[in-house]
Each structure stands twice: as structure tokens, then as C-alpha cells.
Amino acid sequence: MSGADIENMVNWAVVESIKQDLPQIDMQLLEVALWNVAMGREKKSMILTDKVKKITAYHEGGHAIVALFSPGAPEIRKATLIPRGEALGMVNYLPSEEHLVTKTELLGQMQMAMGGRAAEELIFGSDHVTSGASTDFEGATRIATHMVTKLGMSEIVGHVYLKEETDVLGRSNSYPDVVNGEIKRLVEDSYKEAVK
């Protein structure tokens, strides 16, 4: 957490303690404040249908289960099915305290991201998956792109650092296709691992 996040957390706890006419801030208030800062405020007024609750439960459960069984995936801090921010539910994980991230850890993060869609497809079938995985796909694609273009973690593309699209285009006519193909392969392989 940044200093600003900690400040927001303490401010939120102070306001809540005043609202509740408490003489001091306690750990329970700080914990609730932490979740509000880290995951967004609870949307208690949002009414979800039983169908949406069921889909959300399987989706978030998929993230959690894949995280538990994927080498390198981050440790889960908390999972919730209460709508927060823009999400209907979410799995929050502990950030790594390491300064360096291994390829195994990046792949674990991608597999965890794909766990929600994998669960939906396994439970409801491929024709009944939802739009709920779009930000998961965005995150997995961002990690794969970083691995291929910045970290030299692709045997096919090699140990390169590509700053911009022009770096890719300047190499050969087929190079952008190779880079995009490798990014797609990493994401799809992560999905296959999540389904296992």
C-alpha cells in the first residue's frame, strides 16, 4: 500500500468511528477500512439475482481454487461475493514483498486470472460464459505482453526489450505476428492450466 492508501484507510476509520460514536479507532474499523481502500466500498444497495450470485460465486471460486493449486500464484488474502467498486465479487491476494518476480510467479498470476472464466465454462458450458472475465483477460494479456516484450521471457521472441510498436515493426514483416502469437500462446496456455 502507498502512503496515500494508508492515509485514506485511517481517514475512513476515523469517519466511521465518529459516525458510530466510538471513543477510539479499533482494529475492526481499520480492517473494514483496509478492504474499502483495497477492494472498493461495499455496494449493499445493489440487488443481485440468484442467477448472478451463483455465476459470481463460481467465477470467484475459480480464481481462488486456481490460485491454491498454481505454482507461483499469489497467496489469497480474502475472497468476497459482496459487490465492491465495479466488481460483483473478487479475490484479493497478498502482494509479494519481493523486488523481483519470477517467470513462474507471472504465469501463476495469469493462471489465477483465467480461473474465473475456466470455472464458468466447466460449470455452465462454453455457450453460457459471461462478460465477467473481461478485466481478467486484460490483466493476463498485460502480463503476457510484458513477459514477451520487456522481460525476455519468450523463447520464440528471445531476450529482447521492445519499447514500442516501432521496435517490433522495424525487425521484419512477420515479427509483429510472432510477438502477438507468443502473447496469445502464453494467455491460452494459462487458460488451459486453469482448466486442469
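Biologist: Which accessibility class does Tyr 58 fall into?
Modeller: The model is predicted, so local features need pLDDT of at least 70 and side-chain atom pairs pLDDT 80 or more, while totals for chains, interfaces and linings use all residues. Residues are numbered from 1 along each chain as its sequence is written, and side-chain values use heavy atoms, without hydrogens or water. Buried means under 20% relative accessible area and exposed over 50%, with partly exposed in between (1.4 Å probe, protein chains only). At 36% relative accessibility, Tyr 58 therefore counts as partly exposed.

Biologist: What is the geometry of the aromatic pair formed by Tyr 58 and Phe 124?
Modeller: A search of the whole structure finds one aromatic pair (Phe, Tyr or six-membered Trp rings with centres within 6.5 Å; planes under 30 degrees apart are stacked, over 60 edge-to-face, the rest tilted). For Tyr 58 and Phe 124, the centres are 5.6 Å apart and the planes stand at 90°, which makes the pair edge-to-face.

Biologist: How many residues apart are Tyr 58 and Phe 124?
Modeller: Helices are DSSP runs (H or I, at least four residues), numbered from the N terminus. Tyr 58 belongs to helix 3 (residues 50–69) and Phe 124 to helix 4 (residues 103–124). The pair thus links distant parts of the chain, with a separation of 66 residues.

Biologist: Over the face of which residue does Lys 150 lie?
Modeller: A charge sits over a ring if NZ of Lys or CZ of Arg is within 6 Å of the ring centre and within 35 degrees of the ring normal. Lys 150 lies at 5.3 Å from the ring centre, over the face of Tyr 161.

Methods
Helix = DSSP H or I, 4+ residues; strand = E, 2+ residues; numbered from the N terminus.
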